[in-house]
Amino acid sequence: MLRYFLKRLLSLVISLAVASVVIFVAIEVVPGDPASYMLGINAQEDTIAALREDLGLNVPVFQRYLGWISGLVQGDFGTSYTYRTPVADMIGERMWVSLPLALFALTLSTLIAFPAGILAATKRGSIWDVLVMGVTQLGIAIPNFWFAMLMVLAFAINLRWFSAGGFPGWENGLFVGLKALLLPAVSLALPQASILARVMRSALLDTLDEDFIRTARAKGLTTGQTLRRHALRNAMIPVLTIIGLQFSFLLAGAIIIENVFFLPGLGRLVFQSISQRDLIVVESVVMLLVFAVVMVNFAVDLAYAAVDPRLRGRS
Amino acid sequence: MADQVGVTKKPGGWLRTSLGSRNLMLGLILTMVFVAGALVSFVWTPFDVTKMDIAHKLATPNTTNWFGTDHFGRDIFSMIMVGARTSIAVALVAVSIGMFIGVPLGLAAAARSGGWGDEIIMRGNDLVFAFPALLIAIMITAVFGPSATNAIIAIGIFNIPVFARLTRGAALTLWTRDYVLSARVSGKGAVRISAEHILPNITNLLIVQGTIQFSLGILAEAGLSYVGLGAQPPIPSWGRMLADSQTMISFAPHMALFPGFAILLTVLGLNLMGDGLRDLFDPRIRRGRG
């Protein structure tokens, strides 16, 4: 297990290093001179020179990259050009919206998908199976931001149960915060839950055909016991893979959904920064999201090894 | 369920099966409707999509404007026809980028399985997987500004590892087959074997995956143009129509309904078609998408 862990850790570090180079090159090297890009075409020469000095653009590229990385590792993400505040503080603030939103959506998606997938697989061919397969087919095809808009129309504008957008902040209590995140989380969760329910169903169907399930039944276990002790455990590998993959889609999807509900999260931050040409903020947010995705995949790999000891032997 | 459907090997069997498959037929019809709409829009639309008619703005669906008009009085039905063009073009080119780069990479990785080339290709794939299409689009847009081309590039890059992985996985099993072995014995090189023996045998798989990536591409394009990272005005696009409708949803919900249904039905059609094709090509494969 230790060998497996170290191997994965090494590949994690390499992935992050390469990703950081890609992001750095794309945002700081490709545009030529970021200072004149950020200030636009009407900027004065001396303003550009000052910003260039400010951003440290006068030192060689390699040194700048090392400076950026060592800053990131120490939690120093640089200073936003537009707001003149540390990027780390801005991200920290927005993170309290985006991360709970992604986790909330992931929880909802799992809570919906597991029972639906299990129901469809155990009652295969029944009306329940057809219903689950039909609804999930729609759930996969629906654009989640459109679904979000329809929910705003129904629950915020017509029924007035929720506010149409905005976030009151966690200081007003957990319930108030969660209530503001409920519609965004549901709209994020719907497509993911649909995919997950289908994966759960097909993984479970594969497992239910296995000989050990028949053996388990033959030795006198009830359907429920067989399902819990044998079938579900074995169906978890593909399901875990998808949950891991979904987390990155949830983070990215949250960026779009935040726009529908005017939530002050990372997504809003990144779009504001793009329109204000605040490259430092864009660079840091993208790096942070990639870091999150890579870390989650690392965690999923370790979770595999815990669930299935056979995988530890392979590289 | 489709996995219980047996395919007869009689001549014409596949035709009967494909006609008998409800998924495939429904998917084909839906897809054809939108492709036809997009094609017809090149020569005819009920109204000019760039023509504003403020006197008739925000009209609800009626006999003249079938889907109503938007806040500038433009005909929504015509805009959806032209928007189909944008969606299909972006998704089609993006899938082609993914296929033309991803498939050769996957073939190369499988041919040199276990070597350093394979390792580099697969690790490179892992890396691209860490960047969801939206993040690629954000980076490109931050530097070059938003456009349909940038959306295509972003979705295309995201498609590369999908096809590379699929191709490598399928090709690896084929490399152990006897007919590949006899081709090697007869002195054919890796490139020729990949082109003549491996590729033809994974075409079905690629078509099915291509259909699914096409539908994902339509969704991604809609999402990107919704947040302003895709096609720019005056080119109509479904995602941007939805973005425009958002502030008016309380008094003009029709503006949000039609473009949304257009996306939903196109994606649904492509997904059903993908499922149907998969069952048709390999009835042994159990249904259930990942």
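How many residues of chain A are in contact with how many residues of chain B? In this predicted model, 52 residues of chain A are in contact with 45 of chain B (contact: heavy atoms within 4.5 Å). Residues are numbered from 1 along each chain as its sequence is written, and chains are lettered from A in the order in which they are written. The model is predicted, and local features need pLDDT of at least 70, side-chain atom pairs pLDDT 80 or more, while totals for chains, interfaces and linings use all residues; side-chain values use heavy atoms, without hydrogens and water.

**View 1. The interface of chain A and chain B.** The two chains bury about 4,200 Å² between them, 77% of it on carbon and sulfur atoms (accessible area, 1.4 Å probe, lost on being put together, summed over both). On the side of chain A that touches chain B, 41 residues are nonpolar, five polar and six charged (Ala, Val, Leu, Ile, Met, Phe, Trp, Tyr, Cys and Pro are nonpolar, Asp, Glu, Lys and Arg charged, the others polar).

View 2. A:Trp146 and B:Phe261 pair edge-to-face, 5.1 Å centre to centre, with 70° between the planes (centres within 6.5 Å; planes under 30 degrees apart are stacked, over 60 edge-to-face, the rest tilted; Trp by its six-membered ring). A:Trp146 is buried, at 1% relative accessible area. B:Phe261 is partly exposed, at 40% (buried: under 20%; exposed: over 50%; partly exposed: in between; 1.4 Å probe, protein chains only).

**View 3. An aromatic cluster in chain B.** B:Trp66, B:Phe67, B:Phe77 and B:Phe258 form one cluster.
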